[in-house]
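Could you walk me through this protein structure, step by step?

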Amino acid sequence: MTPQSAVHVERMNGDAAARAEEAFTLVYAEAFAEPPYERTVRDVEANFRRFRSQVRKATFRAALARSDDGEPVGIAYGYPLSASTGWWNRLTTPVADELRREDGHRTFGLIELAVRATWRRQGVAKRLHDAILDSATEGRVLLNARPDVPAAQAAYRSWGYEKVGEAYPWDGAALHDVMILELRKSAP
């Protein structure tokens, strides 16, 4: 149960992630209870109502990190953005139509990436990120990141993400940076 224990990352489809919802919830609730997020029990419940819908997508991908003793330590999940995605509509300033064009294969939307506090700064987030993208056929990854979380911002930038805009991803949300990572391969 110590951070020095080995961490195992398991890739999952939607069915497997649905079966592991309790582990995903534990990590999410703990990681996002901290400032500046300060997610409440109601926020966590709302997130996992969406999660239950998201895992039903045939293209949903997830990764779950556990310690040697099975303790959940980190999560990542998302899915390719459909042509009708509303993700780009939340930007505070418009971007070129070509940047926002989606077709269900072009862009993987990284919905969540979180690691519990005692397990941070050990490469767990990078391993989760890499696991979820290991078999990616999409040409790029899109995520929203709070600008007031320097560690996450530094990690994303070191992994190659670039800011393309700012958005309020949902009603009542804080301003987030919209970031893209080009995967350097063509989407089908």
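Helices (H or I, at least four residues) and strands (E, at least two) are DSSP runs, numbered from the N terminus. This is a predicted model, in which local features need pLDDT of at least 70 and side-chain atom pairs count only at pLDDT 80 or more, while totals for chains, interfaces and linings use all residues. Residues are numbered from 1 along each chain as its sequence is written, and side-chain values use heavy atoms, with hydrogens and water left out.

Seven strands make up an open sheet, in the order 1-2-3-4-5-7-6, with mixed pairing. Strand 1 and strand 6 (162-167) stand at the edges with a single partner strand each, so one side of each has no neighbour in the sheet. On average, neighbouring strands of this sheet are turned by 25° against each other, direction ignored. Two strands pair if DSSP finds at least two bridges between them. Strand 3 and strand 4, for example, pair in the antiparallel sense over seven bridges. Within strand 4, Val115 is the bridge partner of Gly74.

Helix 6 (residues 150-158) lies across strand 4, strand 5, strand 6 and strand 7, and runs at about 20° to strand 7.

What about helix 5? A residue is buried under 20% relative accessible area, exposed over 50% and partly exposed in between (1.4 Å probe, protein chains only). In helix 5 (residues 124-133), the buried residues are Val124, Leu128, His129, Ala131, Ile132 and Leu133. Their cover includes strand 1 (7-12), strand 2 (61-67), strand 3 (72-80), strand 4 (107-115), strand 5 (140-145) and strand 7 (176-182).

This leads us to the inside. In soluble globular proteins, nonpolar side chains tend to be buried together. A nonpolar core is a set of buried Ala, Val, Leu, Ile, Met, Phe, Trp, Tyr and Cys residues joined through side-chain atoms within 4.5 Å. The largest one here has 24 residues, and Leu110, Leu128, Tyr156 and Tyr161 have the most contacts inside it. Helix 5 gives the most to this core, with five residues. A second, separate core of 23 residues includes Met12, Ala62, Tyr77 and Tyr79.

Finally, look at the rings. Rings of Phe, Tyr and Trp (its six-membered ring) pair if their centres lie within 6.5 Å; planes under 30 degrees apart count as stacked, over 60 as edge-to-face and the rest as tilted. The structure holds 11 aromatic pairs. In one of them, the ring centres of Phe32 and Tyr37 are 4.7 Å apart with their planes at 90°, so this pair is edge-to-face. Phe32 is buried, at a relative accessible area of 8%, and Tyr37 is buried too, at 19%. Tyr156 and Trp159 also form an edge-to-face pair, 5.6 Å centre to centre with 80° between the planes.

Technical notes:
Contact means heavy atoms within 4.5 Å. Axes are lines fitted to C-alpha atoms, for helices over the stretch in contact, and angles run from 0 to 180 degrees between N-to-C directions.
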